[in-house]
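Please look over the sequence and the model shown here.

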Amino acid sequence: MHIETYKTDVRTTEDAGFIVMLLKFIISDCIMKFDFENNENILRIETNREIKEMVYGVFNKQGFYCQKI
């Protein structure tokens, strides 16, 4: 397993929960967690495979920004 980290513009725990729900629907074998302790609203995903394009797709369809860091 490795951890992919994404900087996002998600601001609320409600939006974060919705995004995680959508991501888990298409990437069910990953562990996901938002970190709101800083201003970057980081999403961390533990995964065994390449998922960046799927993550970008979900964020873009919902009108949010994310960038892998």
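A residue is called buried under 20% relative accessible area, exposed over 50%, and partly exposed in between, with a 1.4 Å probe and protein chains only. This is a predicted model, in which local features need pLDDT of at least 70, side-chain atom pairs count only at pLDDT 80 or more, and totals for chains, interfaces and linings use all residues. Residues are numbered from 1 along each chain as its sequence is written, and side-chain values use heavy atoms, with hydrogens and water left out.

Helices (H or I, at least four residues) and strands (E, at least two) are DSSP runs numbered from the N terminus, and two strands pair if DSSP finds at least two bridges between them. Four strands form an open sheet in the order β2-β3-β1-β4, with antiparallel pairing. The edges are β2 (31–35) and β4 (66–68); each has a single partner strand, so one side of each is left without a neighbour in the sheet. On average, neighbouring strands of this sheet are turned by 25 degrees against each other, direction ignored. Three bridges join β1 (residues 2–8) to β4 in the antiparallel sense, and Thr8 stands opposite Cys66 in β4.

Contact here means heavy atoms within 4.5 Å; axes are lines fitted to C-alpha atoms, for helices over the stretch in contact, and angles run from 0 to 180 degrees between N-to-C directions. Helix α1 (residues 13–26) lies across β2 and β3 (42–47), at about 160 degrees to β2. Helix α2 (residues 52–61) lies across β1, β2, β3 and β4, and runs at about 165 degrees to β4.

Rings of Phe, Tyr and Trp (its six-membered ring) pair if their centres lie within 6.5 Å; planes under 30 degrees apart count as stacked, over 60 as edge-to-face and the rest as tilted. There are two aromatic pairs by this rule. Tyr6 and Tyr56 have ring centres 6.2 Å apart and planes at 80 degrees, so they are edge-to-face. This pair links strand β1 to helix α2, 50 residues apart in the chain. Phe34 and Phe36 have ring centres 5.6 Å apart and planes at 10 degrees, so they are stacked. Phe34 is buried at 12% relative accessible area, whereas Phe36, at 30%, is partly exposed.

A nonpolar core is a set of buried Ala, Val, Leu, Ile, Met, Phe, Trp, Tyr and Cys residues joined through side-chain atoms within 4.5 Å. The largest has 19 residues, of which Leu23, Val55 and Phe59 touch the most other members. Two or more residues come from each of α1, β2, β3 and α2. Beyond its neighbours within four places in sequence, Val55 is in contact with Tyr6, Leu23, Ile27, Ile45 and Cys66.
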